[in-house]
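Student: Please take me through this one by question and answer. Start with the terms, then move on to the chains and their packing.

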Amino acid sequence: MISLLDKKLFRDFLRLWGQALAIALVMASGVATLILAVGAYRSLEETRAAYYERYRFADIFATAKRAPAHLKDRIITIPGAAAADPRISEFALLDIEGMVHPATGMVRSLPDHGELILNRLYLRSGRLPEPGRVDEVTVNESFANAHGFRAGSTFKAILNGRKRTLRIVGIALSPEFIYALGPGDFIPDDSRFGVLWMSQKALESIFDLEGAFNSVTLKLQRGASEAEAIRQLDDLLEPYGGTGAIARKDQQSHAFIDGELKQLDGMSRVIPPIFLLVSAFMINMTLSRLIALEREQIGLLKALGYGRWRIAAHYLKMSLVITAVGIAIGFVAGTWLGHGLTVMYADFFHFPFLIFHRGWDIYVISAGVTALAATAGAAKAVYSVVTLPPAVAMSPPAPTGYAHIGIERLAVFKIYTQLTMMALRHMIRWPVRTGFTILGVALSVSLLVTSFFMIDSVEFMIDATFFRSDRQDATVTFTDERPFRVLQDVERLPGVLRAEPIRNTPARLRHGHLHRKLAIQGKPPGTDLSRVLDLDLNPVVLADSGLILGEKVADLLNVNVGDDVEIEVLEGKRVKRTLPVSQIIQSYLGLSVFMDLDALNEMLDESPSVSSVHIDYDTAKLEELFTAIKGLPAVSAIASQRAALAKFRETLAQNIYIMTAVYITLSVIIAFGVVYNSARIQLSERVREFASLRVLGFTRAEVSRVMLTELVILILLAIPLGCVIGYGFAKLVIVSFESDLYRIPFIISSQTYAFSSLVVMAAAIASALIVRRRIDRLDLIKALKTRE
Amino acid sequence: MREPLFEVEGLTKVYHSGDMEIHALRGIDLALYEGEIAVLLGPSGSGKSTFLNILGGLDSATSGHVRFRELELTSMDERDLTQYRRKHVGFVFQFYNLIPSLSARENVGLVTEIATDPMTSEEALGLVGLEHRLDHFPAQLSGGEQQRVAIARAIVKRPEVLLCDEPTGALDSKTGVRVLEALTSVNEELGTTTALITHNAAIRGIAHRVFHFADGRVGRPKVNKRRVAPNKVTW
């Protein structure tokens, strides 16, 4: 049988459902974001781990110019090596029917006998190319989907200068291309980048690599030294044009997923605690008020002989019932959203299968933490029940003591009416509650600032990257270094308005014990299409000696202007040189190091050569130009800045709508809940005051003004605080996003502050107006004739 | 006698509670005159509070008429009733209903802000003998003092009518007398028509006329030929 106290609990809950729901929703948001973030994190990580495990994703990746096949026998003897898989890897321009812009393909070899040892393919449909067939290809699924390709479809590819028609025989996925980014792209564009797997024999003949390979991946035994294996592999490959091996953590696809995982981890650490904190204080406020209202009942129960702990447990139960509702909503919402997010990831990242993590532990943890927070919030209020002597409980409380506030003596306060004074004194009389309400609303503002500032930062980055720095329309990359005169060949292509050469060379930079493998870009001193920008984003004229380092590189090597850096070129004659840092510049993407083109060529001890050319073209002659480029044998890739920007914006737009909706919902829940709760409690405390005012002849609007004045002041105080907290959170986000792949500039526009403030203000005012309706419906006589 | 301030004809009030009909007033006819103190006596549930609330514009009638001078209260809407209370009526309740966050002076000042020709808060508090407690907050005042602040707040706008519902109900005899003194002195000095509900028969002596309420009806008023000074009243 239900005890009478539980019956009371049930009825109290129904009576307070508005406040209870407000608190439960705030809790649910905390629980849901925790389950969502942790669930998606684990799903993504476990899916990746399982994919890597089942399809033997390699640990080390290296390239060379041309290494003899027998070198594999030595590579496998590197201490700690478990397996090695040599292969051919080349770029090719793809000519796809109906697509003016050439796409870029990464061509990879498949062993003609047996399977791939590492980075195995998941064959979605069809089959692998038959040994020796130069016209058969298996392509990656996302590329096939982007073009509607299926087994039997054909397209043309320029393989080592010769255009061939390739027939798709299979569609596959590879653990190396979970995040498939084309050369020179910022964001994946599946229509412009494809991975092509072909027979090794076929590629050997196409690329004149009989009995040789130019790429190798390595799997290490558990506990093997990765650094040592890389060093030995570099030594082995060096005579064959090795350009330095990289570890898994620097493999592009892997590193991007790491970045995503880091964001989810950050989300699970920052957002749920905000909600738990806010809900704990809402519980405290609500329960304190309920207990104050029920003093007499508590006294009566004690007088009747109920134990004080039993009565305390009754009120604690009230908070736990609210918590249970919050947790239940949070479980459902978190599971649903987590599933949705994981599916979204599956769309963006290319996995052959998805593992949804359904760990019960995260449910237990989130429920436990929420219940703890609620109990902590309830503790003080519940304890007051225990200590209340029955005799005191049954006599009405003395009127709330107020005092004059020091600042009232200031002249400005003379202009305020008594109604305003009521609002001000009430706020100051309950400083903790006022403080928490301000903090709650401020956190809601900060949550919005933290999510919307990303748009400002990304817009700034777009402006800096696409409109101030890399202003070229496209970049044409050659299969290997070309003599300088290729620049004139490009300039003569139809529609080319301007062309600027670049020479990329892989190198290891060393300063003290710090070193980094990257590419040095040589450019003519005063380029105009692709410009180098200083820290204030002003164009830089490259000095004819010295190195210009991007900020991130300078950080990684811990160097300043004037410091010497050792350079070890990883190709050609492998020269070693020490050069001073002449300038540190701004760079948001990748690890940038620049040199004057002539100085670089001189250092390399080579005749002047070019690896790519930036071009500006006349859009009217686009088709002619691309047709001409597709016919150039030496071109391996063409990256279009315009297409990259368009794709970037498209992807951003998709994500931003979802992100905006989620964060607005979360912020509105906090702002609405906090203000609603605060207003309801204020109304409950002041119902007699408000009724008195009505009897004295004040209108409904005038009476509501007392409550609304207080809320407006609280909101106005909360907004600047929220902006400051948001600024801090945003700074944390920026720092946590920073990686070798990209940095995001820290920009928060005034619109972001304004929009965040307006959303929260609207939510707060809406909830206050809902409570205002209760003032309008006040039963004056009942309010005035009941004893407090 | 002077002009009637209130004229009440056939006033009824029926409350509905579920299927039950509660007849709080079953046809009241009476008049209150300018400047008089009327004491309304009667047991709980006799309808006197309902009657006072309708006079004060806090409640509406089911049928009948209440005229305040030329105003027909029974046909006024919520907005007009608010204006009516604002301009003409002062209320005093058993539980003083002061604003705890405002001092005595400010509680009274609340009304001066919305009245057309008020006296000053200090004058009003002087009338009830609280000139020395101006800046005290309700929590710092005794029950009797709080009730006198409530009276000062009710009369500061010089209302034509003062409606008091059990003003001494929560007070002891000695403190209650101070409150009654405040009410009679306001009546004498400002000529405010005062209707006072009590179930304490001892108080009837201070009235000009006494009305007995029973079961939603009112008997013929009894005129006090000789009024008793408040300080002679005890209970």
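Tutor: First a term: a residue is buried if 20 or more other C-beta atoms lie within 10 Å of its own, exposed if 12 or fewer, and partly exposed in between, with C-beta atoms placed from the backbone. Residues count from 1 along each chain as its sequence is written, while chains are lettered from A and ligands numbered from 1 in the order in which they are written. Keep in mind that this is a predicted model: local features need pLDDT of at least 70 and side-chain atom pairs count only at pLDDT 80 or more, but totals for chains, interfaces and linings use all residues.

Student: Is A:G512 buried or exposed, then?

Tutor: A:G512 sits in the loop between β13 (496–511) and β14 (514–523) of chain A; strands here are DSSP runs of E with at least two residues, helices are H or I runs of at least four, and numbering starts at the N terminus. Its C-alpha lies 9.7 Å from that of A:V559, 47 residues away in sequence. Because A:G512 has 11 C-beta neighbours inside 10 Å, it counts as exposed.

Student: And why does A:S366 fall into its burial class?

Tutor: A:S366 belongs to helix α10 (residues 360–387) of chain A. Beyond four places in sequence, A:S366 touches A:V31, A:L34, A:I35 and A:G330, where a contact needs C-beta atoms, placed from the backbone, within 7 Å. A:S366 has 25 other C-beta atoms within 10 Å, so the class is buried.

Student: What share of the residues of chain A count as buried?

Tutor: For scale, the C-alpha trace of chain A spans about 100 × 65 × 55 Å along its principal axes. Chain A holds 21 helices and 22 strands. Among its contacts with a separation of 6 or more, 84% join residues 24 or more positions apart. Of the 788 residues of chain A, the buried share is 46%.

Student: Which residues touch the most other members of the largest nonpolar core?

Tutor: A nonpolar core is a set of buried Ala, Val, Leu, Ile, Met, Phe, Trp, Tyr and Cys residues joined through C-beta atoms within 7 Å. The largest one has 263 residues, and the members touching the most others are A:L233, A:V441, B:I151 and B:A152.

Student: Which helix gives the most to this core?

Tutor: The core in question is the largest one, with 263 residues. The helix that gives the most to this core, with 18 residues, is α2 (residues 17–54) of chain A.

Student: How many residues does chain A give to the contact with chain B, by class?

Tutor: The contact uses 26 residues from chain A and 23 residues from chain B. On chain A's side, α12 (418–429), α18 (641–695) and α21 (780–785) each supply at least two residues, and α12(A) gives the most, with six. Counting Ala, Val, Leu, Ile, Met, Phe, Trp, Tyr, Cys and Pro as nonpolar, Asp, Glu, Lys and Arg as charged, and the others, Gly among them, as polar, chain A's side divides into 12 nonpolar, eight polar and six charged.

Student: At what angle do α18(A) and α19(A) pack?

Tutor: Axes are lines fitted to C-alpha atoms, for helices over the stretch in contact, and angles run from 0 to 180 degrees between N-to-C directions. The axes of α18(A) and helix α19 (residues 700–737) of chain A are 9 Å apart, and the helices pack at an angle of about 150°.

Student: How many bridges join β2(A) to β10(A)?

Tutor: Strand β10 of chain A covers residues 212–220 and runs antiparallel to β2(A). Within this pair, A:A81 is opposite A:L220. The number of bridges is six.

Note on methods
Two residues are in contact if their C-beta atoms, placed from the backbone, lie within 7 Å. Two strands pair if DSSP finds at least two bridges between them.
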